[in-house]
Amino acid sequence: MHNAKERLALIGLWLIPALWSVNYIVARWAPGVISPYTLALGRWAVAGLLLVAVARRELWRERAHLAAAWHHYLVLGFCGMLVCGAWVYLGAQTTVAMNIALIYSASPVLIAVGAALFLGERFRLAQALGVLLAMAGVVHVIVKGQWLALAQVQWVAGDAWIVGAMVSWAAYALLQKLWPSPLGATARLAAICVGGVILLLPCAAWEWAQPATPAWSWAATGLVLTAALLPGVGAYWLYGSAQKVLGASRVAATLYLGPLYAAVAAWGVLGEPLGWHHLAGAALILPGVYWVSRR
């Protein structure tokens, strides 16, 4: 039987990719409205202010820990906020949302291997079968059910940015487990946000000095607030909380739902059609995630 914390974490597994799919839409709308590093800075500055306000007492109580381990939060901020934030927006300038989701869906493999090698987490046969089943569903969605088209996938420069972000996400997930913290999920994410904002500031300042940088607008404000609240605070907080309960490799399996959720988001927001290949992919992905996340 699952206890209350584990039940909540398992529910979070299904919510995390839904929140992240919002970021794919934001990334595709951002070009011409707001620059990548500026969007990432705004996203994590807003999220950081909210989180610091909520966790201010705990952060003050643990100030000795923060002073001793500040470099951990700077590295996590680089991996999770700068690379996994701005580089996704850079990649979205030349690649499509489904490519972003596909590439990100490979990170659980890196996380599972890293968790087994460095964290001593067990990876059972049922979980391995779940990974294969979910990955088959991911590929089925991406190639629209036409497996022969897999050899004809066109890769662009934006895909390289997403590959870098995918590797960085795996590092972010593993380092959180490798560097245990006395902070709760909210306070820890607040500290990581501060590290990310510190590193994003000079990058955004460089963008502001470029003549092609778009002027600030209400549309830019809307994108920043959306990215800060849903794929920012919401997804990252749920991910960190679930990882503490379920472990790095099990929670990483949520990324397999990314392409499926991205397809639904593209249909609902951008008017892109859904096909039978999405339903067939769901029939593979959902059981796969279940087998990876179960006891």
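**Exercise 1. Determine which helix gives the largest share of the lining of the largest cavity, and describe that cavity.**

Solution. The largest share of this lining, three residues, comes from α1. The model is predicted: local features need pLDDT of at least 70, side-chain atom pairs count only at pLDDT 80 or more, and totals for chains, interfaces and linings use all residues. Residues are numbered from 1 along each chain as its sequence is written, and side-chain values use heavy atoms, with hydrogens and water left out.

Step 1. Helices are DSSP runs of H or I with at least four residues, numbered from the N terminus. On a 1 Å grid over the protein atoms alone, a cavity is a set of points where a 1.4 Å probe fits but cannot get out, and lining residues have an atom within 4 Å of a point.

Step 2. The structure holds two cavities of 30 Å³ or more. The largest cavity has a volume of about 110 Å³, a volume being the space filled by probe spheres set on grid points joined across faces, edges and corners.

Step 3. Ten residues line the largest cavity, and the closest to its centre are Trp20, Asn23, Cys84, Val88 and Tyr104. Both α1 and α4 (70-91) supply at least two residues of this lining.

**Exercise 2. State which parts of the chain the pair of Trp20 and Trp169 links, then follow the ring pairs that form a cluster.**

Solution. Step 1. Rings of Phe, Tyr and Trp (its six-membered ring) pair if their centres lie within 6.5 Å; planes under 30 degrees apart count as stacked, over 60 as edge-to-face and the rest as tilted. A search of the whole structure finds nine aromatic pairs.

Step 1. Trp20 and Trp169 form an edge-to-face pair, 5.0 Å centre to centre with 90° between the planes. Trp20 lies in helix α1 (residues 4-29) and Trp169 in helix α8 (residues 157-178), 149 residues apart.

Step 2. Buried means under 20% relative accessible area (1.4 Å probe, protein chains only). Trp20 therefore counts as buried at 9% relative accessibility, and Trp169 counts as buried at 1%.

Step 3. Tyr172 and Tyr236 also form an edge-to-face pair, 5.8 Å centre to centre with 65° between the planes. Because Tyr172 lies in α8 and Tyr236 in α10, this pair ties together parts that are 64 residues apart in sequence. Both tyrosines, Tyr172 and Tyr236, are buried.

Step 4. Ring pairs link Trp20, Trp44, Trp169, Tyr172, Tyr236 and Tyr239 into a cluster.

**Exercise 3. Find how far apart Ala27 and Ala227 are in sequence and in space.**

Solution. Step 1. Ala27 is in helix α1, and its relative accessibility of 0% means that Ala27 counts as buried.

Step 1. Ala27 and Ala227 are 200 residues apart in sequence and 9.1 Å apart in space, C-alpha to C-alpha.

Conventions. Buried < 20%, exposed > 50% of the residue type's maximum accessible area, 1.4 Å probe, protein only. 1 Å grid on protein atoms, 1.4 Å probe; cavity = no way out; pocket = protein on both sides within 12 Å on 5 of 7 lines; lining within 4 Å.
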